[in-house]
Structure formats: structure tokens, C-alpha cells
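Student: Could we go through this structure together? I would like to start with a single residue and then look at the rest.

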Amino acid sequence: MILHFLLSLTCPSTVVRCQSDSDSDTNADLVAETVKEGGDIGGVGDDFQNYEGWNFSPASGVDTVCVFPKNPSKLVVAGEDTELLIGLKNEGEQSVKIVEIHASIHLPYHHMLVQNLSSVRFNNASVPALVQATYPYTFSVSKYLQAGTFDLVGMIIYEVDQLPYQNIFYNGTIEVTEAGGVVSVETLFLISLGIALFVLFGLWARGQMQNLSKKTKKVSKVETGTKTVDASMDEWLQGTAYTQLNKSKKKK
């Protein structure tokens, strides 16, 4: 089975990351196996034990894996549903009773909680010994969440012999984008900043051109004409044969 193949690739660790790029070809088969041997989802009975906020260790022989169907890039659109498929393999000697699946969003590197995602509770879901099953989980991040990279932590809580256990089926990053397109607030800000800088540069260039034009006009006003040059030459030639010749011409 495809799911058995995926489970065999995972390490016996409680922290399991979702599919790699090579797993994307198996999405169709995994979708077809959804909720196989899974039992009923929801419809919590009176005897339901709420384990929210509790931390438990994993049971021996229980391994989990998860897949983002048709979404290998793990791209999550804010405000829209995102589907996961969680596979659980029970290699123990006792039946595993599935209790709840829940997840949360955290800031990367700081692990600060950003949002608790929806919880899926099971009424009559069990995985017998040496059996594997697949469960769907759908979550939606807040439509007001700013686009960027976040950590997604997903947990499945179950009981073995009426004792609670949990496995972390995913502990990795997802990329959140804003609804309605890939244009984010940062992109709009950068575009607005670029336009503002372009306008400021245009105003600065216009001012420089005006200053250059004023300087050119001032220089043209101090230019000397031919008469001024002739007068200075006359003064310089006073008393020479040139001036005497000119005087004789004027008398005639």
C-alpha cells in the first residue's frame, strides 16, 4: 500500500515532517484511502475525555506521517481551508483509540504561539493492532494573519488501554499568503515607496534644471558688446598713429 510505503520511509521519531517532493505522486492514492479503518469523526459522546493543553509521550509501536494533498509547496492561503492527510500505523499489540487531532501556528525560531487551529474530535475511531489508517484534517489560518513563513505543529492524541498518548505528526514550516492574490502588504508598501522616491527624484531634477537655467541667464547678461571692446581699444591706442589717423578722418 502507498501509505505503508510512506510510513516505512519515516524514522521512528515522534516528530514527523510532511511529504517531500518525491511523495507528491502518491497524493491521489492517499486521498482514496482517507478514513479507511478510521471510524466516525465528530459526534463527541458524554464520556469524551478532553486532553486539550496536555502533553503526552508517544506510545511504543505507533508511528504517524502526514501529506499535503496536491500542495507539495505547503502554501496556505489565509482565511481558506487547507487539507492534511494523517496516516497512523499501529505496530503494537493493542488497539489504538483515536481521540483528537489539533494543530497550532507559531512564529519561526521564537516558537511564540500565533493561533490555535481547529480541533477534530473522534467518537468511534480505532486502529487495531498491525493495521494502518488515514485521517483527514482541515484547518484555516486567520484571514488577518500577515503573509510570511510560520511554524505549523500538528498533534494526534489517542488512547491505548485507556491511557493517553500523543504523536506530533508535523513540526515544520508553511508559507502563508494573503487571499485574493500574491500581492502582500509588504509588496504594496515597497511599490508605494518606489513611486514616492521616483516623484521626489523628479522634483529634485526639476529644481536642478531651474537653477542651471538661472545661472545661464546671469552669465549672458555680463557679456560685453563690440562697442565696449572698441572703446577699450581706443583708450589703449591713445596717442598712437592709429588715433591720429582717426582724428584726421573725422575732420575731413
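**A residue in a loop**

Tutor: Methionine 112 is exposed, with a relative accessible area of 52%. The label rests on cut-offs: buried means under 20% relative accessible area, exposed over 50%, and partly exposed in between, with a 1.4 Å probe and protein chains only. The model is a predicted one: local features need pLDDT of at least 70, side-chain atom pairs count only at pLDDT 80 or more, and totals for chains, interfaces and linings use all residues. Residues are numbered from 1 along each chain as its sequence is written, and side-chain values use heavy atoms, with hydrogens and water left out.

Student: Where does methionine 112 lie?

Tutor: Methionine 112 belongs to the loop between β5 and β6. Helices (H or I, at least four residues) and strands (E, at least two) are DSSP runs, numbered from the N terminus.

Student: And which residues is methionine 112 in contact with?

Tutor: Leaving aside neighbours within four places in sequence, methionine 112 is in contact with Ile105, His106 and Leu107. Contact means heavy atoms within 4.5 Å. The C-alpha atoms of methionine 112 and aspartate 151 are separated by 9.5 Å, the two residues being 39 residues apart along the chain.

Student: What about the strands on either side of that loop?

Tutor: Strand β5 (residues 96-106) and strand β6 (residues 113-127) run antiparallel and are joined by nine bridges. Two strands pair if DSSP finds at least two bridges between them. Lysine 97 stands opposite serine 126 in β6. The hairpin of β5 and β6 has six residues between the strands, and tyrosine 109 there takes a positive phi near 75 degrees.

Student: Is histidine 102 buried or exposed?

Tutor: Histidine 102 is buried, with a relative accessible area of 17%. This residue lies in strand β5.

Student: Which strands form the open sheet?

Tutor: Three strands form an open sheet in the order β2-β4-β7, and the pairing is antiparallel. β2 (62-67) and β7 (131-139) stand at the edges with a single partner strand each, so one side of each is left without a neighbour in the sheet. The twist averages 20 degrees from one strand to the next; axes are lines fitted to C-alpha atoms, for helices over the stretch in contact, and angles run from 0 to 180 degrees between N-to-C directions.

Student: How many bridges pair β2 with β4?

Tutor: Six bridges pair β2 with strand β4 (residues 82-90), in the antiparallel sense. Threonine 64 has leucine 88 in β4 as a bridge partner. In general, strands of a sheet pair through backbone hydrogen bonds, either parallel or antiparallel.

Student: New topic. How many salt bridges are there?

Tutor: The count comes to one salt bridge, where a salt bridge is a side-chain nitrogen of Lys or Arg within 4 Å of a carboxyl oxygen of Asp or Glu. Lysine 89 forms a salt bridge with glutamate 91, and the closest N and O atoms are 2.9 Å apart. Lysine 89 is buried at 13% relative accessible area, whereas glutamate 91 counts as partly exposed at 44%.

Student: Which other residues have a positive phi?

Tutor: Lysine 74 has a positive phi of about 55 degrees although it is not a glycine. Lysine 74 is found in the loop between β2 and β3 (75-77) and is buried, with a relative accessible area of 15%. Glutamine 162, also not a glycine, has a positive phi of about 65 degrees. Glutamine 162 is found in the loop between β8 (148-160) and β9 (163-177) and counts as exposed at 71% relative accessibility.

Student: Last one: what does the chain look like as a whole?

Tutor: The secondary structure comes to five helices and nine strands. From the N terminus on, the elements run α-α-β-β-β-β-β-β-β-β-β-α-α-α. Of the 252 residues of the chain, 35% count as buried. Among contacts between residues at least 6 apart in sequence, 76% join residues at least 24 apart. Phenylalanine 198 lies in helix α3 (residues 185-221) and is exposed, with a relative accessible area of 63%.
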